[in-house]
Amino acid sequence: MELSGAEILVHCLKDEGVEYLFGYPGGAVLHIYDALYNQEDVNHILVRHEQAATHAADGYARATGKPGVVLVTSGPGATNAVTGIATAYMDSIPMVVITGQVATANIGSDAFQEVDSVGITRPCVKHNFLVKDIHDLAETIKKAFYVATTGRPGPVVVDVPKDITDPNIKIPYHYPKQVNMRSYQPKVKGHPGQIKKAVDLLLSAKRPMIYTGGGVVLGNASEQLRKFVRTLGYPITTTLMGLGSYPWNDPQFLGMLGMHGTYEANMAMHDCDVLIAIGARFDDRVTGKIAEFCPDAEIIHIDIDPSSISKTITVDVPIVGNVADVLDDMNSQLELSSKKPNKKALDQWWKLIESWRAKKCMSYDRNSDQIKPQAVIEILHEITKGNAYVTSDVGQHQMWAAQYYGFDKPNRWINSGGLGTMGFGLPAAMGVQLAFPEETVVCVTGEGSIQMCIQELSTCLQYGLPVKIVALNNRYLGMVRQWQEFFYQNRYSHSYMESLPDFVKLTEAYGHVGIRIERVEDLRPEMERAFAMKDRLVFLDIVTDQTENVYPMIAQGKAHNDMHMSPYADLPQDPERELS
Amino acid sequence: MRHIISILIENEAGALSRVAGLFSARGYNIESLTVAPTEDPSLSRMTIVTTGTDRIIEQITKQLNKLIDVVKLMELSSGSHIEREMMLIKVKAATMAQREDVKRLADIFRGHIIDVTTTTYTIELTGSGQKLDSFIEALAEHKILETVRSGVSGIARGEKSLQI
Ligand SMILES: Cc1cc2nc3c(=O)[nH]c(=O)nc-3n(C[C@H](O)[C@H](O)[C@H](O)COP(=O)(O)OP(=O)(O)OC[C@H]3O[C@@H](n4cnc5c(N)ncnc54)[C@H](O)[C@@H]3O)c2cc1C
Ligand SMILES: Cc1ncc(C[n+]2csc(CCOP(=O)(O)OP(=O)(O)O)c2C)c(N)n1
Ligand SMILES: [Mg+2]
């Protein structure tokens, strides 16, 4: 079969099993768009901005575990995609981004719509390629998918000059079944000696703590994790990226840790004597002050990327490997081991933890005459029975969604943690809704963030995506306002949103349903009404308390036991610290 | 601490910028970096001289290994090894006295005079970085017109070798 480069590209995507291609056309990719015409294997989704194409592909990838795929043109198409590529990179999301490039002969001549896409994206991709010969095209695409989806996942860019896709140049097509790269051979199995050491250390713990992260979701290891945690009976916390990998309402779960983590999770981190980190990367929003991080703990770290280990925090037992494999090995060792967890010490440890939990750090004013953002999220949980796919933007609303929704399945909480990209939520929700047309998909957002990709309401109309947008409208760049309140003596410099649009009319102009909710008593019925509209996109513009803050909060650079607490938390005397 | 890291990397366009970009993006020091293809033209060999605490060096080696194009890495300074650097140095040598002295110094350092004009000598000298520094110092009385240094290349002693 002789095909042009453009046709080869489309065939590769088909052979790779790509369902959706998120893209936007332009000069350098017109041959490819022509090859997309009149074929039904790969569904192209036309976004309204290339940033949204990358976020949509990213949302699709986070929800399905399959790579997201993007096609954009050269120059501004590629630069618009960079934010989404960097977002995926920071959270280790598998993605393949095909960027058009000017013809090979014109590269380097400041040609029309030329940018050095390989150069611009180099620091925010797992790897990138420039295809210089049509004969390399199919293999390069195969490599791109292989690199993106194996090891620590990440985005891969393939830059394709226009002449490579010339319809008049045809060559035989063959898509390789597999690739072998001598320079890239990710490790899966953990070192047995290290695993044994880790199990011994875990079983000798008096105040153990399990700290897990996005790696458990990415590595599809929730089952293994649940078994591990239940066998040991130890407390577990997850990062923002790990929510859902362990059920939120299980008594062993202490909630999220870190800057906006629970009191009990952070205190347990601070006081533990053995810590096992599983697919988590000791981010600065999690560790707080490095010098006072888990001061008494010996640390075990499972990660597939050696460079995540001992990067910021030096660990005692490093284990390089895939979480699922390593946990399988640990689980079988635990079964065989004659040693058991130290029950007496563990009982005492749990007693202490329960005393922290008794502070009810997530309390808020339930009698307010204003709509409390936390209440919105709790009602959202009830209405969707905790089964929705929830995407979010970045800010206070993101933290409230993380803290109050209550996730019990992985891949359902979809947010930009590492880069913190405002504008992520709506396009990500489109990707999720396409992947799961029958499921409820909610985008929790703020009136600031939603305006960064609001044009995608148009894409949602075109493809009939009934996303529910829950906008916690506090008329502030709330997260910024909170920092200004705490650390800049209420000097609210440019964090106030004046001249907000009428979101209801705006949504209607885009062909959807808009509902504004201002009064506490309308909240539940209006939300129920919105979620009953199964096949419509509904924008809920919910006017919330402007002054609400996210609690608890560890200020940047402070230790885990140094938290700003909600004025509504129970704050009895500090419990006696009976540390054995 | 000074460290020497050798890597084998796929000989592809952009390989050098991946390595250089890594160092600048993560704020690591590069004292010198040399690169050229090996006997297998599909591979390039780089020698990187860097400084940092043990923890930083550990991150540097991990981050380099993580680059998809890097095939293999060896930290030479962790074992017994040889380093060499080459220098071409052009010195004013117009008077008889100058010419004799420069020639004498070059001989002492086992350099070769590889180009001669009526007013200049160009000397080629190979050795450790320190030896090259000393030679420059020894030439203090003379007017140096140009120096070109290759940066360090290194290789492990004995059987140990960086190969795939
Ligand atoms: C406004 C805001 C506030 C935030 N506040 C908090 C907060 O309070 N608490 C918090 O936790 N975060 C918070 N974050 C998020 C934070 O910035 C980081 O994104 C997050 O903590 C990183 O999560 P993680 O450690 O799970 O790592 P991830 O970024 O999810 O990385 C996953 C790790 O697992 C490894 N891995 C991947 N796949 C596998 C596999 N198959 N096997 C083994 N290992 C694997 C990777 O190599 C990597 O080291 C906040 C973000 C924002 C925007
Ligand atoms: C693209 C981008 N620009 C700036 C920021 C910094 N930032 C973080 S949160 C935030 C405020 C978000 O406001 P809004 O969407 O209304 O959410 P709220 O905090 O009010 O819930 C800003 C500006 C960011 N994260 N992303
Ligand atoms: Mg806001």
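**A guided tour of chains A and B**

The structure holds 40 salt bridges over all chains. The model is predicted, and the tour therefore opens with its confidence values, since where pLDDT is low, the predicted coordinates should not be read in detail.

**Stop 1: colour chain A by pLDDT.** Chain A has a mean pLDDT of 96, with 98% of its residues at 70 or more. Next, select residues 573–580 of chain A, where pLDDT stays under 50. For this stretch the model has 14 contacts beyond four places in sequence.

**Stop 2: select A:D91 and A:R62.** The side chains of these two residues form a salt bridge, with an N to O distance of 3.1 Å.

**Stop 3: select residues 393–542 of chain A.** According to UniProt, in an unreviewed entry, this range carries the feature "domain: Thiamine pyrophosphate enzyme TPP-binding". Over these residues the chain is 37% helix and 16% strand.

**Stop 4: show chain B against chain A.** Here 19 residues of chain B are in contact with 21 residues of chain A. The two chains bury about 1600 Å² between them, and carbon and sulfur atoms give 43% of that area. Now select B:R18, B:R55 and B:I68, which supply 42% of the area that chain B buries against chain A, more than any other three residues.

**Stop 5: examine the polar features of the interface.** Across the interface of chain B and chain A there are twelve residue pairs in polar contact, with both residues at pLDDT 80 or more. Three salt bridges are found across the interface of chain B and chain A. To view a salt bridge between the chains, select B:D40 and A:R182, whose side chains meet at 4.0 Å, N to O.

**Stop 6: colour chain B by secondary structure.** On the side of chain B that touches chain A, α1 (15–25), α2 (54–66) and β4 (70–75) of chain B each supply at least two residues. Which element gives the most to this side? The answer is α2(B), with six residues. Finally, colour this side by residue class: six residues are nonpolar, four are polar and nine are charged.

Methods: Residues numbered from 1 in each chain as written. Chains lettered and ligands numbered in written order. Heavy atoms only, no water. UniProt positions renumbered as here; feature names shortened; annotations may be inferred. Helix = DSSP H or I, 4+ residues; strand = E, 2+ residues; numbered from the N terminus. pLDDT = per-residue confidence, 0-100. Contact = heavy atoms within 4.5 Å. Buried area = accessible area lost by both parts, 1.4 Å probe. Polar contact = N/O pair within 3.5 Å; in protein donor to acceptor, adjacent residues only side chain to side chain. Nonpolar A, V, L, I, M, F, W, Y, C, P; charged D, E, K, R; others polar.
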